[in-house]
Amino acid sequence: MKHSRMKKLLIPTLALSLVMTTGTTAFAQNGRDHKDDDRNNNSRQTYDKRPQAAIKFDFKDIKGKEFEWALSYIMSLVSRRIFDGYPDGTFKPQETVTRIEAITAAVRLMGLRDQAESDEEKATKLNFNDAANVPSWAVGYVAVALENDLFAESDTNVNPNQPADRLWATTLLVKALKLQDEAEANMNAKLPFSDASSVPAGSVGYVKVAVDKGLVNGFEDNTFRPKQLVTRAQIAALLDRAGNQLPNSVDGLVTGTVVSPVSGNILTVRTNGQNINLTLNSDVFIYRNGAKVSPSALQIGDVLKIRSNDNSIIYIEVSQPTGGNPTTPTQAVGVKTGMVTTAVTGNTLTLLSNGQTISLPLNSNVLYFRNGTPTTASGLQVGDIVSTRSYNNGISYVEVTQSVGTVATPTNFASTLTGTMTYPISDNTLLLTTSNQLQGVSLNSNTIVYKNGAFTTLSALQVGDILTTYAYNHMAAVIEVTKSVSPVTTTGEMTGTISGQISNNLLTLTSGGQSYSLQLHANTSIYSDGVQTTSGVLLPGQVIKVHYYNGVVLHAEVLQRADGTSVTQPTIAQLTGTIISATNNLIVLVSGNQAQAINLNDKAFIYRSGTQVSGSALQPGDIVKIRSYNNSAIYAEVTQLTNGNTQNFSVSGTFNSVTFTNQGKIATITINQTGTNGSNVTTTYNVSSSVTITGNMSNLVQNHAITLQGKGALITNINIQ
């Protein structure tokens with residue numbers, strides 16, 4: 001029997017698990033909430049009995065400073081078996097989260113992992129249109145999510161492999177909170193974001209309700225960015241915060257105070273008025289003051305949150321260091337300004353802002369600027385007025401806007417520029433197109449790059465990315481990718497404007513307000529001014545139409561020059577028919593009961609069963625779709641494999657020659673035809689053993705007019721004119 005009684009858990013779980021903090025933005029207003037610590041002091045001291053071998057902390061791709069902000073979140077979730085790594089020992093923190101991953105994490109956070117992985121749930125026959133696309137391991141998770149109202153009644157697809165974006169998460173959140181009626185009542189509301197027009201009309205109410213409920217907010221530039229994708233590191237942070245506020249968060253949790261240093265592998269803490277000895281696992285993960293530490297770093301008086309597995313401690317978080325306050329400084333979101341009140345100590349900047357003293361956590365990659373030059377934390381002085389910029393809940397940029405002791409308005413050394421990356425980085429210069437103008441921004445080795453919710457390097461920037469740069473003294477201090485260029489992996493065609501210089505055979509187009517990245521094939525044919533040429537003619541600003549197969553551009557035509565003038569187009573034709581015969585130079589097919597000989601371009605792309613083949617690999621009876629330029633086929637795709645060709649056809653031309661069988665019957669007949677490019681082509685047809693010949697046989701001489709009729713791939717009637 002399905003456990004429908006668990007539906008009640010989904011609303012608080014999902015509401016919190018989808019509340020995302022993504023550096024300069026947050027899906028939630030608050031950071032980690034310790035208001036439940038008193039409750040946790042009375043928690044059940046139970047142990048997770050599942051095998052410790054299933055839990056792994058040593059991820060080789062989160063050891064550096066780039067993802068230290070997410071380290072505790074990730075490890076906390078791993079200790080609770082909510083989030084797992086990959087078999088190759090990586091966590092892939094910067095990879096986007098797919099919808100099935102988000103659904104799986106939400107179900108696990110609800111405490112329903114065992115149910116979702118039960119034989120009963122895994123045997124569920126899903127009624128979604130794309131049920132076949134749901135991995136077998138995830139069927140139970142989808143079934144449990146469906147039973148708990150995670151899906152709407154109108155949902156017909158799971159879309160398991162589709163990346164989760166902000167709008168999807170927001171809409172799903174509001175639906176899970178049973179706020180659909182309120183959302184529908186707000187469909188005509190005015191959203192407070194500068195990019196509100198990018199939110200579909202049918203989703204406005206959902207975003208409005210989420211904002212009103214304090215579930216989501218915008219980026220520091222007042223954008224919502226509905227299509228921005230969510231990374232695994234980001235979702236780890238939100239899931240951990242959510243999990244700390246769920247009723248089942250106390251399961252397997254011990255909260256206590258260290259009463260003596262770790263001796264051997266034994267940790268002694270005081271909890272619920274008594275001292276208990278806890279055995280540390282050899283791979284225990286301990287998090288103190290923003291970093292992973294060894295057991296010897298634990299100090300008497302530290303307040304801990306402890307999780308166990310298989311009767312040994314695997315995770316410890318110091319929620320309050322000895323003699324200190326709880327490690328929950330003011331959340332650093334967006335831009336904050338204020339006056340420095342004390343010298344920077346540890347990883348904290350303390351400011352007087354709006355009449356309140358706030359402490360802001362510092363990232364490891366902070367850039368400091370004062371009086372027009374870079375400085376260090378020690379270069380800040382008490383009384384300086386500063387402006388800060390944060391990413392992933394930590395300060396990465398501090399600019400002194402007015403030095404202590406000055407009264408005049410200081411010189412403004414900072415500037416902001418938003419545009420599309422147009423050329424690959426060269427000579428330490430970033431070139432952006434903004435307001436139809438090309439502008440350059442100088443770079444240095446310390447420039448902070450923030451893309452897809454994580455810190456990265458300059459090499460991660462791609463032509464077509466939409467960027468906002470924050471420069472100091474004309475040198476880029478921070479580069480934030482506000483919209484990543486979208487790689488195209490499907491098959492089809494697209495018309496757009498070239499948004500950047502071609503680099504590494506990558507073509508970037510802007511189409512419908514979205515930037516796309518497509519790979520050029522080594523033999524891509526470009527048609528400009530009516531003739532076939534190469535990709536070297538493609539320049540930023542040109543309007544082109546591209547035809548791509550699995551994201552690879554095979555051919556394209558330039559429609560408009562960068563200056564807006566039109567370009568002469570080639571003669572373009574599309575034809576669908578049934579193959580009679582094919583060589584590497586010529587295809588003969590039947591279309592509309594008429595046989596046609598079609599020349600193949602020397603750069604033609606031919607696909608059969610999803611594989612690129614030569615012309616001679618086409619089989620009689622194959623149904624093909626052909627695209628030709630200037631009467632020469634540049635593309636052919638088999639849309640249906642041969643299953644017996646029975647189509648009637650006729651073809652006219654002049655006689656060339658015949659061959660005979662051992663029995664003296666005509667085996668083949670060769671005629672001269674006019675190809676699609678107007679040239680004379682010689683085509684050979686197989687002849688039926690029961691062929692009917694009409695007309696005067698004495699006229700069966702070269703260049704005499706002749707008409708052939710056939711069925712399938714055989715000529716059944718020869719009519720001599």
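Predicted model: local features only at pLDDT ≥ 70, side-chain atom pairs only at ≥ 80, totals over all residues.

**Terms and the values behind them**

User: What makes H4 count as mostly covered?
Analyst: Eleven of the eleven residues of H4 are buried. A residue is buried under 20% relative accessible area, exposed over 50% and partly exposed in between, with a 1.4 Å probe and protein chains only. Among the buried residues of H4 are Arg99, Glu101 and Arg108.

User: Why is H4 called roughly perpendicular to H7?
Analyst: H4 (residues 99–109) and H7 (residues 139–147) pack at an angle of about 65 degrees, with axes 9 Å apart. Such an angle makes H4 roughly perpendicular to H7. The classes are roughly parallel under 35 degrees, roughly antiparallel over 145, roughly perpendicular from 65 to 115, and oblique for the rest. Axes are lines fitted to C-alpha atoms, for helices over the stretch in contact, and angles run from 0 to 180 degrees between N-to-C directions.

User: Which residues of H4 and H7 meet?
Analyst: Ile100, Ile103, Thr104, Val107 and Arg108 in H4 meet Tyr141, Val142, Val144 and Ala145 in H7. Contact means heavy atoms within 4.5 Å.

User: How do you know that H3 is largely enclosed by the rest of the structure?
Analyst: Nine of the nine residues of H3 (residues 71–79) are buried, so this helix is largely enclosed. Tyr73 and Met75 are among them. H3 is followed by Arg81, whose phi is positive, near 60 degrees.

User: How are the phi values of Asn371 and Asn631 described?
Analyst: Asn371 has a positive phi of about 55 degrees although it is not a glycine, and Asn631 has a positive phi near 65 degrees. Most residues other than glycine have a negative phi. Asn371 is in the loop between strands E11 (356–370) and E12 (373–375), and its relative accessibility of 48% makes Asn371 partly exposed. Asn631 is in the loop between E33 and E34 (632–640), and at 31% Asn631 also counts as partly exposed.

User: How many aromatic pairs does a search of the whole structure find?
Analyst: The search finds 16 aromatic pairs. In one of them, Tyr527 and Tyr629 are 4.3 Å apart centre to centre with 10 degrees between the planes, and the pair is stacked. Rings of Phe, Tyr and Trp (its six-membered ring) pair if their centres lie within 6.5 Å; planes under 30 degrees apart count as stacked, over 60 as edge-to-face and the rest as tilted. Tyr527 is in strand E25 (residues 514–528) and Tyr629 in strand E33 (residues 623–629), 102 residues apart. Both tyrosines, Tyr527 and Tyr629, are buried.

Key. Residues numbered from 1 in each chain as written. Heavy atoms only, no water. Helix = DSSP H or I, 4+ residues; strand = E, 2+ residues; numbered from the N terminus.
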